[in-house]
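Biologist: I'm new to this one. Could you walk me through how to read it?

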Amino acid sequence: MNVNPQMFDKARCLKNIEADRPDRPDRADVEAAFRTIIRWTGDNPERSGLIETPARATRALEEFFTGYAQDPALILRKTFDEIEGYDEMIVLRDIRFESHCEHHMAPILGRAWVGYVPSGRVVGISKLARVVEAYAKRLQIQEKMTAQIANTINDVLRPQGVGVIIKAAHQCMTTRGVHKPNADLVTSRMLGCVRDNPLTRQEFMSLAV
Ligand SMILES: Nc1nc2c(ncn2[C@@H]2O[C@H](COP(=O)(O)OP(=O)(O)OP(=O)(O)O)[C@@H](O)[C@H]2O)c(=O)[nH]1
Ligand SMILES: [Zn+2]
């Protein structure tokens, strides 16, 4: 992803989305849309219990979708190379995330396991969780999010291999539609030696159960 350094808050890996997306609707448009939705449900957006709801709901969406302002590649830009030749697998396990499915805009609640086999340098472990967050806080399907996390780590760190597993419950099929409350979806993407070497793949899978 190309990022103009002037559009980028270095400390927080934030892009200036206004500059990136000049056609972005403003907050008043979103609040008006929520008033329309409330009227459409049959309720009255002017009653006192609902009067602040459009503004509140807009702020909530702002939180749910902060990932669009983040550049995951930049999150991984700082690496450490004094690792005494460390070349074993590194796995950050059980990273909780909240996302929203792009079909229904319903919550996806899940956990991610992110591993890689380094090649001369490592990243701060919190950055693996930050990459998960940057992709989760967008409209997603789980397969795409899984691939995005693995591909970004692979492209930026150039490790020997990467593995990502995600397990998540989709509220679009637990609280509506087919109503299967205990079903969760498991997806994975393996690259490099984690994909090609059966023992390395097995090691990653066994760390991720
Ligand atoms: N592959 C995949 N499908 C997803 C994901 N999140 C939601 N879905 C599915 O997206 C599909 C959208 O199907 P549609 O038939 O267009 O929507 P719908 O009429 O609301 O379908 P139902 O959920 O079956 O009621 C549904 O089957 C959802 O279960 C995801 O992360 N990955
Ligand atoms: Zn859905």
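**Reading the fold**

Modeller: Contacts between residues 24 or more positions apart make up 69% of the chain's contacts with a separation of 6 or more; two residues are in contact if their C-beta atoms, placed from the backbone, lie within 7 Å. This is a predicted model, where local features need pLDDT of at least 70, side-chain atom pairs count only at pLDDT 80 or more, and totals for chains, interfaces and linings use all residues. Residues are numbered from 1 along each chain as its sequence is written, while chains are lettered from A and ligands numbered from 1 in the order in which they are written.

Biologist: How do I read helix packing, and at what angle do α2 and α3 pack?

Modeller: Two packed helices are described by the angle between their axes and the distance between the axes. Axes are lines fitted to C-alpha atoms, for helices over the stretch in contact, and angles run from 0 to 180 degrees between N-to-C directions. Helices are DSSP runs (H or I, at least four residues). Here α2 (residues 27-41) and α3 (residues 53-64) pack at about 120 degrees, with axes 8 Å apart. On the α2 side, Phe-34 and Ile-38 are among the residues that meet α3, whose contact residues include Pro-54 and Ala-57.

Biologist: Which residues surround ligand 1?

Modeller: A residue is near a molecule if its C-beta atom, placed from the backbone, lies within 6 Å of it. Around ligand 1 are Cys-101, His-103, Ile-141, Gln-142, Glu-143, His-170, Cys-172, Met-173, Gly-177 and Val-178. Helices α6 (142-157) and α7 (171-174) each supply at least two residues of this shell.

Biologist: And what are the dimensions of the chain?

Modeller: Its C-alpha atoms fill a box of roughly 65 × 45 × 25 Å, taken along the principal axes.
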